[in-house]
Structures are given as C-alpha cells and as structure tokens.
Amino acid sequence: MVQEEGRQITVRILRGEGVKTQEVEYQVAVEPGWVVLDVVLHIQARMAPDLAVRWNCKAAKCGSCSAEVNGKPRLMCKTRLDDLDLTKPVVVHPIKTFPRIKDLVTDVSWNFEVNKKIQPFTPKKDAAFIYFQEDIDRVQEMRKCIECFLCQNVCHVLRNREQYQRFVGPRFFVRLAGLEMHPLDDADRLKQIEEDGIFLCNITKCCTHVCPEDIHITDNAIIPLKERVIDKSYSFWNWVLQPFSSK
Amino acid sequence: MSDYDPIDFDVLVVGAGGAGLRAAIEASARGLKTGLVCKSLLGKAHTVMAEGGVAAALANVDKDDNWQVHFRDTMLGGKMMNNWRMAMLHAKEAPEAVYELERWGAAFDRTEDGRILQRAFGGHKYKRLAHVGDRTGLEMIRTLQDRGVHQGIEVFMECTITHLLTDDGRVTGAFGYWRESGRFIVFRARAVVLATGGIGKMYRITSNSWEYTADGHALAYQAGAELIDMEFVQFHPTGMVWPPGVRGILVTEAVRGEGGLLRNSLNERFMQKYDPERLELSTRDLVSKSIYREVQEGRGTPHGGVWLDVSHLPADQVIKKLPSMYHQFKDLADVDITRSPMEVGPTMHYVMGGIQVDAETGASTVPGLLAAGECAGGMHGANRLGGNSLSDLLVFGKRAGAGAAEFARANSGKAGFDPEQVRKAERELLSVFEAAQGESPYDVQMTLQELMQNNVGIIREGSRLQLAIDELKKLRARAAHLCVEGSRLYNPGWHLGWDLRNMLTIAEIVARCALQREESRGAHTRLDFENTDKTKWEKLTSFARKRDGQLEIGTSSKGEMPPELKSLFA
Ligand SMILES: Cc1cc2nc3c(=O)[nH]c(=O)nc-3n(C[C@H](O)[C@H](O)[C@H](O)COP(=O)(O)OP(=O)(O)OC[C@H]3O[C@@H](n4cnc5c(N)ncnc54)[C@H](O)[C@@H]3O)c2cc1C
Ligand code: SF4
Ligand code: SF4
Ligand code: FES
C-alpha cells in the first residue's frame, strides 16, 4: 500500500497479467473536479509507473478508457469522483468480457476482426448525393459510436454465453443499422444480419443503458433491424406462395 | 538475439490518423502491398477528436466562395509563411477530398436543399467548414478506417516505431516494439510515410493526448531529414480551465462559429479592441494573445480565463449543433452552457512546423521517406486556420500515398539495411531495464512540460528561450539515466522513457528556432521583437537538421509566388 499527503481517497485497482490478478490499494490526494482517469494516471505517474491503462482524448470522444468502476461499466474519463461514494474505496477493474492483457488493458481485437466482415457502404450507381437532414438523423445517431465496447462488455450473449462465433454484439448491430439506414446505400445485408445472430438478442436493453453516446441501441438499431429481417422473410414467403394462393 | 524476420511491404505508413489512413488507402489502391502502424488501437488517433469541421470551398452556403478565396485566407492566416504551392494544392483539392469522403459513406450535416452544410470559422471569409455537429473527426476517421480495412491494408495496432532503418542514405525500413508484449518488430519497406501527428505532450496545458510526443519529427530528424517552421506552435484560444482535471481540454472553435461571444470579467466583448472587424472569429493567434492580455491585465475570470458564452442562443440549437460541448461542460464542469458561460483560456493545440516535404509528392529531403498531416511542415505557415487540418490530411495524405507508391515502383529492387542497426536499436531500448536506480520518466516529463509552458509558450523572449535551451541540456542529462520498473509487458513507464528522447530533441529545436526568429509573426510572439518584419523575416523559413551528428539551425529563402497568385493579395 502506498500513501500520499493531502485530501485522501482510497482506490483499489485490479492489477496483474493474464489470469494472475489481485487488487492493489492506493491512497491518493485528489484535486477538485477529478475524474477516475485522473486518479489512475496520477497513480501511474507517482506510484506505479508500469500501470497499464488505455486512454487518448480524456473527453469521452475516443472510447479508449472503458473500465468497470465500482462494478459499473463506464468511461473513466467521464466518471467524476464527486459522483462516487468516497467514504468507501473506489474500485477499478478492467472490462470483463474480453481477455485481460495487463491491469486495466484487455484484448479487444475480436471486435476489429468482426468489423472486417461487415460489407462497407455501397452507394447506388450514379447516386447524386442529394439527401436531407431528416434522412440521416438516424444514420448520424448510429455513427456517433466511439467504439468503447462497453455495450459488448455488458451484453449477456457475449459476457456469459460467449457466443463469439454466432453473435457480433450490439456495437456491430449499430454499425449495420447505420449502413442499412443510409439513404443511398444499396447493399443487402439482411441475410448476414440474421447470421450475425440478431435473434439471439432478447432486448434486455443493458447495452443501451451503458452507451456513453446515448445511442438507443435496442430501440433504434436492433429492433428496426429485426423488423427488416422479418419483413424480408415474409415477403419471400409471400412470393413463393403467391402462385398457389392465386389458384 | 536480433534474428527477426523483417516483415516486407512496398509502402509502410507510420500513423493511422486521417493522414496515415488516407495515404495507406492511396498506396494500396495503386496495387502496392501496404502496412499501417499505430501506437493506439485503430480509430483512436487524434483525428477522432477533431470537432469543428473540414474546410473546403464547396460554396454550398456562400455562393461566392472558391479555391482562390480559400487560398488567400490560408496564406493571410499563416502570415504569408506558408509554402504557397501546398496552400494552393490544398485549396484546389479540398472540395474533391470532401466529396470523396461522402462517397465513402460519411454523412455530413445537410443544407435545406440536401447538400453538405458548411459553418463559419475563424479567418475563413465564407462559411466553409463541412461538419457533423461537433464530431467531424470521428466521422472522418471511421469512414477512412472502414474503407482501409476493406482494401486489404495490413494494420499493426499498439505498435510503436522507434527507429528508421536506412541503407546508404535511403530509408528502407523501420524498427519498433509491440506495446502489448514488449517484443520487437522489424519492417522492411521500399518507402516509408510518416503521419505521426504533433508534439503537444511537451507542454503542460494542451489539448493533445499521450500519443503526441513528436515521434515522427524526431524519426525524420535522426534520419537526416530537414524540419521547417518549428518555432510556430499554435495555442488554441479556448481550452477548458476549470476544474484542474480538465485544464487544456479543447472547446471547439465551432462554439464561436455558431455565434459564441467572448467577454472579460468586466463583461466587455474585448475582441472589439483587438480585431473590431472579425471579432470572435479572428485568427487563433490573435484571439489567444488577446485572451492572454486580458488575463495579464487583471480582467480574467476567477480561474484565470475569460468567458465564452452561447446562452443567448436558443437552447435546442446549442444542443443540436454543439452536442459534445454541451455534454463536456455538463459532465466535467457542472456547467449548463445553454444557461451559463464557459470559462476558457489558451491551450497548446497544434504544431505548424514539421518535416519539410515536396508539395506534390510528400517526399522529405531523404530518399524513401515521405510525410503528411500534422508532422509535415509548410502548409500552415505561422498560424493554422481551424478546419484546415482535416482537409490537409485528406489532400496531402492522398498525395503522399501516391508519392510513396511511385517511389516504391521506381525502386523495386530489394531494400536492405545493415542488421547492426537493429541490434543497436534493441540495445538502446533495453538499457533502461539494466539501471538499478535512476530518474522516473514521468518526473522528467513533468519538468519538461513546465519548462516549455513557461518559457517557450504564447509570449516569448530571448532570455527565457535561452534559459529553456540551457535547462533542456540538463534535462537530457537526467533523461540519460532513467530507471524503469516492471517487465516489458504493456509498460507505459518504459514507453514514456523512449518518447521523452523524442520530445527533448524536438523541444530544443522549437526553442532554438524561436530564438532565431527575431520578430513577431502569427503564433510566434517575441516581447523583445514585437514587430512583424516585412523586409527580412517575411522571406525566410527556419530549418533544422542533423549534420555530422550535430543540430544545425538556419534559414532559407522562400520561393516567390507566380504573378497570378500574387495578384490575389493586391
Ligand atoms: C481536440 C482537437 C480538436 C480538433 N479539431 C479540429 C477541427 O475541427 N478541424 C481541423 O481541421 N483540425 C482539428 N484538430 C487538429 C487535427 O485533428 C489534427 O491536426 C489532425 O487530426 C492530425 O492528424 P494526423 O493524421 O496528422 O495525425 P493523428 O490523427 O494524430 O494520428 C497520428 C497517428 O500516428 C501514430 N503514431 C505516432 N507516433 C507513432 C510511432 N512512433 N509509431 C507508430 N505510430 C505512431 C498515432 O498512434 C496515430 O495513429 C483538432 C485537434 C484536437 C486535438
Ligand atoms: S438488448 Fe440485446 S444486444 Fe443489448 S445487451 Fe441485451 S441481449 Fe445484448
Ligand atoms: S454503441 Fe455505444 S456503448 Fe457500444 S461501442 Fe458504441 S459508443 Fe460504446
Ligand atoms: S480517454 Fe477517450 S473516451 Fe476516455
């Protein structure tokens, strides 16, 4: 345990490499307005120079600093100390769903592999690129995603049932929705969306609750995508059955 | 121990921000095997943080806009220090670069008639910045990232390049480490493009992230390339000042573009004194100096800033056009910007200086080495206009990608290097683990930041610059005796220890170039030389390079503009 002068708080960080981990306690003198990331970087600079943590923007724009603070999945740079109960230790753990590398850093590379499989934006031939704000309000909502992977972290399909092969997770339904809803996109991803496991989602909305960008992941991405997939299969059956019904 | 199999590429791009991604897309679209290396995860580079927009004379909102006006604004903003060829290519090609991004899926905010909307920004005569609310950089990096990974570019994330490898004066590869495992990695390439961004982490108050440690500048310098304009460091007028944890975080210029007003503690719109015509939308150098002056003369806010106010605008408009600023202040400072003013002050933001490049191809002065984006110099002269960086990344990223592809094609024989270079690089990186005791890299960095902030900041003076140069020498001595705890596995202390070398090398160059330029111009203000010198210094560019192992600083004369461009300033 390491101690400092000044207004003290106690912080416990889960440290260690791979599966060998333990909480380490630090007493830290804090300044007004600090967020959890300030504390972690302060500990790194003063007490634990090899403490591994990811961050870049410190302003909730890059999605690097995801962690579980007092058991809640959060961006550390957006979590004010003032909003936590400082009479108890502040407990900082890495996000749980992905394999731990060291301290607060996890291996999120699976997400980047998933992304490669999504068919990118494919505009209609000779599209004039005239469209209106109301056509893209929803698309822009989806494109706000900062890839913090907090939604991936809380989704039980990935967290407990580990369906990495059959389920791309809420982040990528958000991406797929952004593509499908683009007024000029011409690709058909519905079959892929079904194969990506959209029906494994049972609308618990945990993902929506943790999204730091306030994307309505379930209501505005997943449910509309499910509807599109269902509509499409109905219209397929209608088409197949048509000759019989017309007789 | 250094029997690595080098990984072979035609073109290796170092840096995955807007410039690096655009360069890699171009090289790979031209059929070359392309690798892309970055220190963070893909999509987390500085470009993701850009807020306000990308400047291009689309003339969607103001019909009179065209490339000549954009060119003129850029040169005037840069106090005529810009490489005029770059400024011209940039103004001409930015519109197509923005439309290309749109064709690749970027969804910009729209005009009433369904085209890309543009907003006002400081120093731009017309409404010129294409944007997506205040998260334009995110839109840009995601669009490029998705385009890039689907084009077969091989990406090496969380991998830091520490050395360029050379063969007889030509760059032929790069050496670095994986942040995760601490293992080393060697690349062999026919051409290397540097797109590593800026140098902000040598200052205490900055909008920049841990990544901005002047790596590309230092790599190029060590390889013998020339750096130019290094005295020009941009302080953005509006960073957050309170609470302490957020000090320096950027408040986008879009706040003023959308109608935000600046006031001092006496409630005066002080920009009326300093630039009565352009007011809040004056250029950044001028607004920063004005704020500095107001605070110095006792008209600052409680925490040493000034007020920036949008509370006179309709609340729903503020939330729609500046959503991330709204949340940033609400979440981090308990301020509802639709009701109360923001407290802001200057923050180190951008470096205009950088690797000297050929405007057409991005080639540096060393064969096989190219550069684009913030780490390249020349485009922005003595002061960058807001929005001109994102467009710079697209225009010159593409050009450098093409330049690298051509160079690689023309030099298709095997690229090699002496393996001793690899062994030396390894020894240099590992020596810190051998020291039983020594300085903490974090302590040395804090001293450096304090030194640069106080002596090589917004307002400069010969004696203080000299002091900084002397102190930097001591700091370099301290940095030669670092001690690092822990293993090679994801060890930020070890990483910083190396980054420090780069920062110390480039900090000295910034200070020396600032001492050399005996005038005030754009972002470079000298108390002991307050005037802008139109006869001598207007015609000179500062350069820095390594000759016979020593730092050499000097000036070279600027090329003349052709008459048709000159006439734009008549
Ligand atoms: C908060 C903020 C807001 C801004 N807003 C605007 C705006 O509205 N409009 C505008 O035009 N400009 C804006 N700017 C400026 C602009 O965002 C940057 O200048 C620009 O994004 C730099 O892009 P780049 O491609 O040169 O570098 P970056 O995007 O910074 O990318 C640098 C890359 O290099 C990599 N790298 C660095 N060193 C190494 C190494 N040693 N080995 C391997 N990889 C390395 C990094 O990991 C990263 O991937 C803003 C800047 C900030 C900080
Ligand atoms: S709503 Fe669906 S995607 Fe979201 S957390 Fe629940 S199961 Fe996962
Ligand atoms: S959708 Fe929201 S929670 Fe999920 S990765 Fe994107 S920003 Fe994070
Ligand atoms: S550091 Fe960028 S989101 Fe927290």
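How many salt bridges does a search of the whole structure find over all chains? I searched and found 70, counting a salt bridge where a side-chain nitrogen of Lys or Arg lies within 4 Å of a carboxyl oxygen of Asp or Glu.

**Entry 1. Conventions**

I noted that this is a predicted model, in which local features need pLDDT of at least 70 and side-chain atom pairs count only at pLDDT 80 or more, while totals for chains, interfaces and linings use all residues. Residues are numbered from 1 along each chain as its sequence is written, chains are lettered from A and ligands numbered from 1 in the order in which they are written, and side-chain values use heavy atoms, with hydrogens and water left out.

**Entry 2. A salt bridge within chain A**

I looked up Arg12(A) and Glu25(A), whose side chains form a salt bridge at 2.7 Å, N to O. The pair links distant parts of the chain, 13 residues apart: Arg12(A) belongs to strand β1 (residues 8-17) and Glu25(A) to strand β2 (residues 20-29) of chain A. Helices (H or I, at least four residues) and strands (E, at least two) are DSSP runs, numbered from the N terminus.

**Entry 3. Chain B against chain A**

I then turned to the interface. Chain B brings 63 residues to the contact and chain A brings 57, where contact means heavy atoms within 4.5 Å. The buried area is about 4,800 Å², with 55% of it from carbon and sulfur atoms; this is the accessible area (1.4 Å probe) that the two parts lose on being put together, summed over both.

Eight salt bridges are counted between chain B and chain A. I recorded the one joining the side chains of Asp146(B) and Arg175(A), at 2.9 Å, N to O. On the side of chain B that touches chain A, the elements giving two or more residues include α4 (136-149) and α15 (492-516) of chain B. By class, that side has 26 nonpolar, 16 polar and 21 charged residues. Here Ala, Val, Leu, Ile, Met, Phe, Trp, Tyr, Cys and Pro count as nonpolar, Asp, Glu, Lys and Arg as charged, and the others, Gly among them, as polar.

**Entry 4. Ligand 1**

Which residues are the closest to ligand 1? I found Thr47(B), Gly52(B), Glu211(B), Tyr212(B) and Asp215(B), out of 40 that surround ligand 1; a residue is near if one of its heavy atoms lies within 4 Å. The shell holds 16 nonpolar, 18 polar and six charged residues. Helix α11(B) gives the most, with four residues.

I also looked up backbone atoms. A backbone N or O atom of Leu390(B) is 2.8 Å from an oxygen atom of ligand 1, and one of Gly53(B) is 3.0 Å from a nitrogen atom of ligand 1. The protein covers 98% of the 990 Å² of accessible area that ligand 1 has on its own, by the Shrake-Rupley method with a 1.4 Å probe.

**Entry 5. Ligands 2 and 3**

Around ligand 2 I listed residues including Cys155(A), Cys201(A), Cys206(A) and Cys207(A). The shell divides into seven nonpolar, four polar and one charged. Around ligand 3 I listed, among others, Cys145(A), Cys148(A), Cys151(A) and Cys211(A). That shell has eight nonpolar, no polar and two charged residues.

**Entry 6. Backbone geometry**

Most residues other than glycine have a negative phi, and most peptide bonds are trans. I noted that Asp214(A), not a glycine, has a positive phi of about 55 degrees; Asp214(A) lies in the loop between α8 and α9 of chain A. The peptide bond from Trp242(B) to Pro243(B) is cis, with omega near -5 degrees, and Pro243(B) sits in the loop between β11 (233-240) and α6 (254-257) of chain B.

How values were computed. A polar contact is a pair of N or O atoms within 3.5 Å; within protein, one must be able to donate a hydrogen and the other to accept it, and residues adjacent in sequence count only if both atoms are side-chain atoms.
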